[in-house]
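This report describes a single protein chain by its confidence, helices, strands and side-chain contacts. The sequence and structure are shown first.

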Amino acid sequence: MSQPHSIDQYELDRYLCILRDIDTNTVQFRWASDNLARLLCSAAVAKLPHRKITVKTPVGIGEGVELATNVMGVPIYRAGQALVQAFLGVVPQAAVGSLLIQRNEETAQPKLFYKKFPHPLPPNAIILDPMLATAGSAIMAVNILKEHGYASDSIYFLGVVASQEGFDRLSQHIPTAHITVAAVDPRLTAMKYIDPGLGDYGDRYFGT
C-alpha cells in the first residue's frame with residue numbers, strides 16, 4: 001500500500017482528482033495540494049518512532065502518544081517547497097534542510113546544485129518531493145543523507161504521485177513502509193514523465 005488505511009480515502013481521491021485535472025487553475029491547485037499534503041504529512045509522521053504517554057486531565061489520567069519532533073524535513077527544490085508548509089503544520093518544531101537537485105531533461109539524470117542541513121542533525125529525516133518519477137533525485141537525496149550519517153531505516157519519503165518504477169527503485173534504498181504517497185501510477189512516458197500523473201507540480205503550484 002502506498003498510504004496507510006488511516007487516511008480518509010474519499011478526501012485523498014477528491015484532492016488528487018483536482019490536482020490531476022488539466023483545467024484546475026493555480027489557486028485551486030494550491031488549495032488541493034495544501035489540503036492533501038496535510039493528510040499525507042500526518043500519515044508520514046505517524047510512521048516515525050514514537051512512544052505512548054499518559055497525561056493528566058482535569059478529571060483523571062488519559063493515554064496517548066508523544067508528538068514526533070525529532071525529525072528534519074528535506075524538501076527537494078523547487079517542487080518540494082510546496083509540501084513544507086503542511087509538514088511544519090503537522091510538526092511545527094521540526095528542522096528543515098534543503099536540497100536543490102534538478103533533472104537533466106535529456107538524460108533524466110539528477111544533478112546536485114545546493115545542500116544545507118541544520119546542526120545538530122535530528123535522528124530522522126523525511127524527504128519531501130511531490131513527484132517520484134524515475135526516483136533519481138530521491139535516491140540521490142537518500143545517498144546524501146547517508147553520507148551525513150543517516151541509516152536507511154531513519155530515512156522516509158513523502159510525495160504525492162509516484163510511478164511504479166520510481167516507487168520500486170526507491171524501495172531498494174529505504175524500507176517500502178517508509179514511503180508515503182497518494183497514488184502509484186503504472187508507467188512513465190518516453191520522456192520519463194509519470195503517466196497519467198498531473199504535469200509539472202512546481203509549475204502548477206507556483207503558477208510559472
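Which residues does Ile174 touch, not counting residues up to four places away in sequence? The residues are Val142, Ser152, Ile155, Tyr156, Phe157 and Ile179, where contact means heavy atoms within 4.5 Å.

## Basis and confidence

This is a predicted model, in which local features need pLDDT of at least 70 and side-chain atom pairs count only at pLDDT 80 or more, while totals for chains, interfaces and linings use all residues. Residues are numbered from 1 along each chain as its sequence is written, and side-chain values use heavy atoms, with hydrogens and water left out.

The pLDDT is the predictor's confidence in each residue, on a scale from 0 to 100. Its mean over the chain is 92, and 96% of the residues reach 70 or more. Over residues 1-5 the pLDDT stays under 50; for this segment the model has 13 contacts beyond four places in sequence.

## Two buried loop residues

Ile174 lies in the loop between α5 (164-170) and β11 (179-180); helices (H or I, at least four residues) and strands (E, at least two) are DSSP runs, numbered from the N terminus. Ile174 counts as buried because its relative accessibility is 3%. The scale used here takes buried as under 20% relative accessible area, exposed as over 50% and partly exposed as in between, with a 1.4 Å probe and protein chains only. Ser152 is 22 residues from Ile174 along the chain, yet their C-alpha atoms are separated by 5.1 Å.

Ser154 is placed in the loop between α4 (136-147) and β9 (155-158). With a relative accessibility of 15%, Ser154 also counts as buried. Beyond four places in sequence, Ser154 touches Pro123, Asn124 and Ala125.

## Helix α1 and its cover

Helix α1 comprises twelve residues, 9-20. From first C-alpha to last, α1 reaches 16 Å, close to the 16 Å expected at 1.5 Å a residue; the expected span is 1.5 Å times one less than the number of residues.

The buried residues of α1 are Leu12, Tyr15, Leu16 and Leu19. Viewed down the axis of α1, these buried residues fall within an arc of 100°, so they line one face of the helix; the arc is that of the directions from the helix axis to the C-beta atoms. Tyr10 and Cys17, on the other side of α1, are exposed. The cover over the buried residues of α1 includes α2 (26-45), β10 (161-163), β12 (183-185) and α6 (201-206).

## Aromatic pairs

Rings of Phe, Tyr and Trp (its six-membered ring) pair if their centres lie within 6.5 Å; planes under 30 degrees apart count as stacked, over 60 as edge-to-face and the rest as tilted. Since Tyr15 lies in helix α1 and Trp31 in helix α2, the pair ties together parts that are 16 residues apart in sequence. Tyr15 is buried at 5% relative accessibility, whereas Trp31 is partly exposed, with a relative accessible area of 42%.

The rings of Phe29 and Tyr201 have their centres 5.0 Å apart and their planes at 70°, so this pair is edge-to-face. The pair links distant parts of the chain, with Phe29 in helix α2 and Tyr201 in helix α6, 172 residues apart. Phe29 is buried, with a relative accessible area of 0%, and Tyr201 is buried at 2%.

## Strands and sheets

Three strands form an open sheet in the order β8-β10-β12, with parallel pairing; two strands pair if DSSP finds at least two bridges between them. β8 (131-132) and β12 stand at the edges, each with a single partner strand, so one side of each is left without a neighbour in the sheet. β10 and β12 pair over three bridges, and Val161 has Ala183 in β12 as its bridge partner. Ser163, found in strand β10, is buried, with a relative accessible area of 0%. Among the residues that Ser163 touches beyond four places in sequence are Leu132, Val184, Asp185 and Ile194.

β1 pairs with strand β2 (residues 61-65) in the antiparallel sense over five bridges, and Thr54 stands opposite Glu63 in β2. The two strands, β1 and β2, form a hairpin with four residues between them.
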